[in-house]
Amino acid sequence: MQSFFKRRSIWQPSPAGMLVSYVLLGAWTLVVLFPLYWLFITSFKLPIHVNDGPVYLPFVDFQPSLHAWQYIFVDVRNDTMRPYLNTIIVGLSSSLIALTLGSTAAYALTRFDFRPKLGAIGLFVGCVILAIIAVALGVPWQVALISAAVIFGLLLQTLGRRMKASLGNDDIAFWMISQRILPPIATVIPIYVMFQQLNLLDTHVALITTYVAANLPIVVWLMRDYFRNIPLELEECAAIDGASRFRTFWSIVLPLSTPGLVATFLFVLVFAWNEYLLALFLSLSDVQTMPLTVAAQNATRGPQWWYMSVLILIMIIPVIGMAIALERYISKGLLVGAVKG
Amino acid sequence: MQPTAPSQADASLAPPQEAGRIHALGSRLERMSSQLFIWPAVIVILLLSIFPLIISLYLSFAQLKFVKGGLDLNWFGVRNYRKILVGTEQKQILGVMDTPSLVGWLLFGLVVGLLAWFMLRWVRRGRITPLGLLGRLLFVGGMLALAWLMVSTVGTTSGKGRPGALGVTLIYVFVGIFLQYLLGLGLALLAAQSLPGNRFFRVVFLLPMMITPVGVAYMFRMLADTSKGPLKPLWISAGLVDYSWIDSPWSARAAVLIGDIWQWTPFVFIVLLAALEAQPLEPVEAATVDGASRWQIFRFITWPNIVPASATIVLIRMIEAFKIVDLPNVLTNGGPGTATRSMTLQAYTTWRATDIGGSAATAYVLLIVATFICVSFVNFVHHPATEG
C-alpha cells in the first residue's frame with residue numbers, strides 16, 4: 001500500500017499522484033472539448049431539439065439531421081462561400097507578404113549594421129506634423145504631401161552632414177516590435193479615411209495591407225530570434241564562394257529556418273483568419289470576412305444556433321487541423337523567443 | 001519579393017556585353033542590399049502605423065465629418081476628451097465614482113503601501129538618477145490614479161459606483177491574465193511530468209487558442225443559456241432556471257472573462273511547458289537526493305527557471321488583452337447597458353454614432369493607459385526578471 005504513494009522516479013509521480021494528475025488534466029480536457037462537442041452536435045440538431053431544452057447524445061437523444069449544413073452549403077451557398085473565399089484570400093496573402101517583409105527585415109537587423117541618424121528621424125517627424133497641420137488648415141493633401149517631402153529632402157541635404165547622434169539595430173527592432181502594443185482602434189480611423197480617399201475601401205487590397213502592418217511586428221520579433229541562432233559560418237562560406245546577399249538569404253538562410261518560418265506563418269495566419277475589428281471598419285459587404293459573417297448572424301436571423309454552429313465549425317476546422325498537424329513546431333520552433341525572453 | 005541577383009551561372013549564359021551590364025546591376029544591388037532588406041518593412045510600418053497614429057492624435061482634438069466628395073475637418077480643442085471623461089453615460093469611459101467601502105479603502109491602502117515600499121527600496125539602493133526618479137514618479141502617480149479609479153467605481157458600498165469602459169478593460173486584463181496564468185502554470189506543471197498520453201493533452205489544450213474569438217463568444221452564449229443550454233440540469237438544481245447571465249452586469253462580465261480565460265490559458269500553458277522542459281535536470285536531481293521537498297524544489301529551482309518566460313508571456317498577454325473587443329461585442333453586445341464594454345468596443349460604438357473625434361480620443365486614452373502599463377511592466381518586472 002505504501003508504494004501507492006511513493007514516487008517511481010524524480011520525473012514520474014507515484015500511482016496516487018498520477019491518478020490525481022490524470023483527473024485534473026482530464027477535467028481541463030473536458031472543459032476544452034465540451035464546448036466544441038456542443039458546437040458539433042448543435043450543427044446536426046433540428047430547431048425543435050434546441051428549443052425544447054438540451055439533448056446531449058446524437059442517435060440516442062435525438063436523430064441528427066443535415067438540414068443546417070444543407071441550408072448553409074446549398075440554400076445560401078453564395079452568402080457562405082464569398083466570405084469564406086475572402087477570408088482565405090486575405091489571410092493567405094497578408095500572411096505571406098508579412099512573412100516576406102518581416103523576415104527580410106529581421107534578417108537585415110541581425111546581419112547588417114544600421115545607424116539611422118537621430119536628427120534625420122526628428123526632421124522627418126517634424127515634416128510629417130507640418131504636413132498634417134497644413135492639411136488641417138485647408139491645404140489640399142497632395143500639395144501638403146509634396147511640399148513636406150521637398151522640405152524634408154532639402155533640410156536633410158543641408159543639415160544632414162552635421163548630425164552625429166544615431167540609433168542602432170536594437171532600437172530599430174524595438175521600434176518595429178513595439179508597434180504591436182498599439183491598439184488597432186488607435187490607427188484604424190485614419191486608415192479608413194485614407195482608403196476611402198483612395199477609393200479602396202471594401203477591397204482586398206485594403207484588408208491585406210492593413211493586416212500586413214498589424215502582423216509585421218510578430219514576424220520581426222519571432223524571426224529575429226530565429227536568425228540569431230543560425231551560425232554565421234555557412235553564410236560566410238557562401239559569401240566567399242561569390243554568392244550575393246540575396247542568394248545567401250534565399251538559398252541558405254531561409255531553408256535553414258523552415259521550422260521558424262512555418263510556425264510564424266501559422267501564427268500570423270491564425271491572427272489574420274480570426275481578425276475582427278479591422279475587418280469591421282474596412283469591409284462593407286464585398287470583402288466581408290468570416291468573423292464578420294458569423295458575428296452578423298445574430299442580427300440577421302436571431303439566435304439560430306444550428307446555422308451558427310455550422311458556420312463556426314467550417315471556420316475553425318482548417319485552423320484546428322493545422323494546429324494538430326504542426327503542434328511540434330508551435331511549442332518548439334515558435335516559442336524559443338518567448339522562453340528566452 | 002526577393003530580388004535575387006543574377007548568379008555567376010546566369011551571367012555566363014548571357015552574351016558578354018549583357019553580362020557586364022547585369023553584373024554592374026548586380027553589384028549595385030549588392031551594395032544596397034541591406035537597405036533593400038529593411039525598407040519595405042519600415043515603409044509599411046510608417047504608412048500604416050506611425051502616420052495613422054499621428055493623424056489619430058490630431059483627430060482626437062478635432063471634429064471630422066464625411067461630406068459629399070470629401071472631408072470636413074474642424075479644430076475642436078479638448079472638447080472630445082472632456083466629453084469622454086466627464087460626459088454623458090453613453091460616451092464616458094470612467095464610470096460613476098462614489099466613496100469606496102471599507103474593503104475598497106483597505107485595498108487602496110494596500111496599493112499605496114506597496115508603492116511606498118517600491119519607492120523606499122529604490123531610494124535605499126542609492127542609485128538615484130533624475131530620469132529614474134521621473135519614471136518612478138510617473139509610475140506611482142499613474143498607478144495611484146488607476147487604483148483610485150478601480151476602488152471608487154467597483155468597491156463601493158452604496159451600489160452607486162459603476163465601472164466605465166476603462167475600468168472594465170482593466171478588469172478583463174488583470175483578472176483575466178491572473179487566472180490564465182494560474183491555470184496555465186498548474187496545467188503545465190501537471191503535463192510536464194512523464195505521464196503516458198502526454199501528447200494528447202498537449203494537442204487538446206492548444207485548440208482554444210486557434211478558435212476565432214467570435215466563435216468562442218457564440219459558443220459560450222450557447223453554454224450560458226440556462227433554459228436551452230447543456231448545463232440546464234445544473235441550473236435547475238441550483239434553482240436558477242430563468243436566470244440569464246447577460247442581464248446582470250457582473251455575471252455578464254464574468255461570462256466574458258470565462259470565454260477569454262478559456263481561449264488564452266492554452267497560450268500560457270504551451271509557453272510554460274516549453275520553459276519547464278528546457279530547464280536543466282541536474283539541480284532537481286541533486287535536490288531530490290539531498291531530501292528537498294517538492295515545494296522547495298518548485299520554489300528554489302523550478303520557479304527561478306521559469307520566471308523569464310513567465311514575465312514574457314504576461315507581457316504578451318497584456319499587450320493583446322488591452323485590445324479585447326470581439327468577445328464582449330458578440331457575447332453580450334456590450335450590455336447590459338454599457339456594463340461589458342471594453343475600451344475598443346466603446347471607441348467603435350462612438351465611431352458608429354459618427355462621433356469620430358470622440359472615438360479617436362477614446363482610442364488614445366486606451367493607447368496611453370496600455371502603453372503606460374506595458375512600459376511599466378517592462379521596466380519594473382520584465383527587465384529585472386529576464387536580466388536576472
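Student: A crossing is left-handed if the near helix is turned anticlockwise from the far one by less than a right angle, and right-handed if clockwise; so which is the crossing of α15(A) and α9(B), left-handed or right-handed?

Tutor: The crossing of α15(A) and α9(B) is left-handed, with helices taken as DSSP runs (H or I, at least four residues) numbered from the N terminus. This is a predicted model, in which local features need pLDDT of at least 70 and side-chain atom pairs count only at pLDDT 80 or more, while totals for chains, interfaces and linings use all residues. Residues are numbered from 1 along each chain as its sequence is written, and chains are lettered from A and ligands numbered from 1 in the order in which they are written.

Student: At what angle do α15(A) and α9(B) pack?

Tutor: Helix α15 (residues 305-325) of chain A meets helix α9 (residues 213-224) of chain B at about 145 degrees, and their axes are 10 Å apart. The axes are lines fitted to C-alpha atoms over the stretch in contact, and angles run from 0 to 180 degrees between N-to-C directions.

Student: And which residues make the contact?

Tutor: From α15(A) come Trp305(A), Met308(A), Ile312(A), Met315(A) and Ile316(A), and from α9(B) come Gly215(B), Tyr218(B) and Met222(B), where contact requires C-beta atoms, placed from the backbone, within 7 Å. By class there are seven nonpolar residues, one polar and no charged, counting Ala, Val, Leu, Ile, Met, Phe, Trp, Tyr, Cys and Pro as nonpolar, Asp, Glu, Lys and Arg as charged, and the others, Gly among them, as polar.

Student: Zooming out, how many residues are in contact between chain A and chain B?

Tutor: 84 residues of chain A touch 94 of chain B. On the chain A side, helix α1 (residues 15-42) gives the most, with 12 residues, and that side divides into 62 nonpolar, 18 polar and four charged residues.

Student: What about Thr354(B), buried or exposed?

Tutor: Thr354(B) counts as exposed, because it has 11 C-beta neighbours inside 10 Å. Thr354(B) lies in the loop between α15 and α16 of chain B and takes a positive phi near 55 degrees without being a glycine.

Terms used: Contact = placed C-beta atoms within 7 Å. Helix = DSSP H or I, 4+ residues; strand = E, 2+ residues; numbered from the N terminus. Left-handed = near helix turned anticlockwise from the far one by under 90°. Buried ≥ 20, exposed ≤ 12 C-beta atoms within 10 Å, placed from the backbone.
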